[in-house]
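The sequence and structure come before the description.

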Amino acid sequence: MHVLLATSELHPFSKTGGLADMVAALGGALAGAGTHVTVVTPLYRGVAEKFPAIRPTGWKFGIPMAGEVVDGEFLRLEVSPRLNLWFVRQDAFFGRAGLYNEGGKDYADNAARFLFFTRAALLLARHLPDPPRIVHGHDWQTGLLPLYLQHARVTGQWPNAPRSLFTIHNLAYQGWFPETDWALTGLSPDWFHLESARHHGHLNFLKAALTQSNAITTVSPTYAREILTPEYGCGLEGLLRKRYNDLTGILNGVDYAEWNTTANPFLPAAFSADDLTGKARCKADLQKEMGLPVRDDLPLFTNITRLTEQKGSELILTALERLLRDGAQLQFALLGSGDRVLEAGYRGLVERFPRQVAARIGFDPALAHRLEAGADFYLMPSRFEPCGLNQLYSLRYGAIPVVRATGGLQDSVLDPREDADHATGIKFHAYEAPALEQAIRKALAVWAEPAWVAHLRRNGMTADFSWERQTAEYLAIYNEVAHG
Ligand code: ADP
């Protein structure tokens, strides 16, 4: 079976969030299981220079878009005979400082940029010597892929076009554009209707995928149920309910070759569930790096995030302010960037509590590893969380997760009230600062009982979220879709 994965970000070449990690790990795991995998992704600024193994293929193409032809070129990196990465070069579109936005503002031509990418992916699928059986798109940026494939099949332009699978990594980002951008698709206006991409007088990329894809997955079983409700469905719950039989939730796995504590170039010391001495060193070094007093007696909480409403940063700010005013004995360190108000919120908290709170505003993958390794607890109070990777990394790194019981957090963390023997973290339910505050107080009570800390930590560090099981689930869906 040959599968083509199309993604707007791919670790280690480009990343804003979990999508990059997930597609990289899934591609590797599928190839490892014997599947022939092609991954296609845009070539962003600086990537070819940083990874000289990415070579030109000599394959140049032009895509007509609203009256002009936009030129592009494919580059390629052969990871193994079964795993090939293809990069779409179009410097005016992708040779920019950001992936989707800059200075907090989305690029005005995102519809054109990602339609161009999608159409290039289609071209690749069509003209590879061994065309894929399945095209697997991810998130709104590739939302029109299933529509193009369906169009190619129905119009007879490509009668045996591949079947499609589409994965929702976050329903909140749908790719809404003015209707007039439909002209960029090159498809006739007949194809722009309520069962394709038309949505409340707009062009909605994600909707095209949800209506046209042969099957849909999302990244945890709980999120798959939640998005059928108005609270989590972002206006697409009705459509998703109609496609209930084609929708599966599969929890993301972790690439432990990358995210591990025993052979990790980003960490000052190695450690494991059986020997935690290195973790103490990681904590002390992290406290120094973040400018906090080196104290092994205080529990260190961390959080690594895009600063958006989704991630519950306001809850953290409010809960910490109250706890610290109240004299709570803890430290907290943040790595994140995004919303300017939230960034300012953290700067203010650091000013008021400089010995207890530290914040690094930015994007720094190496520091992300150190913040997991040095932490005693990891805060993840998300309003919604399709899967979430940081709680999975935290479990392996011995940072006990404190999470809101939603989406993938619900599916990957066990609270003592659910199962005391196998518990790995602390869960709370209401999306409110007092609920988080209470959960942090529980963490402080755990901290006061070293045996309890050791129990939760050992359970978490030995839990297995590797890709094996999930790979088998994706392969089963590919097979179903290919023969459906
Ligand atoms: P989402 O995809 O919604 O942002 P996930 O938890 O699924 O959330 O994945 C986030 C990924 O991005 C993790 O690998 C995390 O370490 C990384 N990440 C998020 N913010 C930063 C940052 N400021 N610096 C470095 N890595 C970050």
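## Backbone, sheets, helices and ligand

Alanine 66 sits in the loop that links β3 (55–65) and β4 (68–80). Helices (H or I, at least four residues) and strands (E, at least two) are DSSP runs, numbered from the N terminus. The model is predicted: local features need pLDDT of at least 70, side-chain atom pairs count only at pLDDT 80 or more, and totals for chains, interfaces and linings use all residues. Residues are numbered from 1 along each chain as its sequence is written, and side-chain values use heavy atoms, with hydrogens and water left out.

Although alanine 66 is not a glycine, its phi is positive, at about 45 degrees. The peptide bond from histidine 11 to proline 12 is cis, and its omega is near 5 degrees.

The ligand has 19 residues around it, of which Lys15, Gly18, Arg306, Lys311 and Gly362 come nearest. A residue is counted as near a molecule or strand if one of its heavy atoms lies within 4 Å of it. The table gives polar contacts, which are pairs of N or O atoms within 3.5 Å; within protein, one must be able to donate a hydrogen and the other to accept it, and residues adjacent in sequence count only if both atoms are side-chain atoms.

| Residue | Protein atom | Distance to a ligand oxygen atom |
|---|---|---|
| Lysine 15 | N or O atom in the side chain | 2.8 Å |
| Glycine 18 | polar backbone atom | 2.6 Å |
| Lysine 311 | N or O atom in the side chain | 2.8 Å |

Six strands form an open sheet with parallel pairing, in the order β17-β16-β15-β18-β19-β20. Its edges are β17 (357–361) and β20 (426–428); each has a single partner strand, so one side of each lacks a neighbour in the sheet. From one strand to the next, the twist averages 15 degrees. Two strands count as paired if DSSP finds at least two bridges between them. Strands β15 (residues 300–307) and β16 (residues 331–338) run parallel and are joined by eight bridges. Leucine 300 has glutamine 331 in β16 as its bridge partner. Helix α15 (residues 433–447) packs on this sheet and touches β15, β18 (377–380), β19 (400–404) and β20, and its direction makes about 160 degrees with that of β20. Contact means heavy atoms within 4.5 Å. Axes are lines fitted to C-alpha atoms, for helices over the stretch in contact, and angles run from 0 to 180 degrees between N-to-C directions.

Another open sheet has three strands in the order β10-β12-β11, with antiparallel pairing. Here β10 (176–178) and β11 (198–199) are at the edges with a single partner strand each, so one side of each is left without a neighbour in the sheet. Two bridges connect β11 to the antiparallel strand β12 (residues 202–204), and arginine 198 stands opposite leucine 203 in β12. Helix α6 (residues 205–212) lies across β10, β11 and β12, at about 60 degrees to β12.

Helix α1 (residues 18–32) packs with helix α17 (residues 468–483) at an angle of about 80 degrees, the axes being 10 Å apart. The two helices α1 and α17 are therefore roughly perpendicular to each other, a term for angles of 65 to 115 degrees. Met22, Leu26, Ala29 and Leu30 of α1 meet Thr471, Tyr474, Leu475 and Tyr478 of α17.

Definitions and conventions:
Angles under 35 degrees count as roughly parallel, over 145 as roughly antiparallel, 65 to 115 as roughly perpendicular and the rest as oblique.
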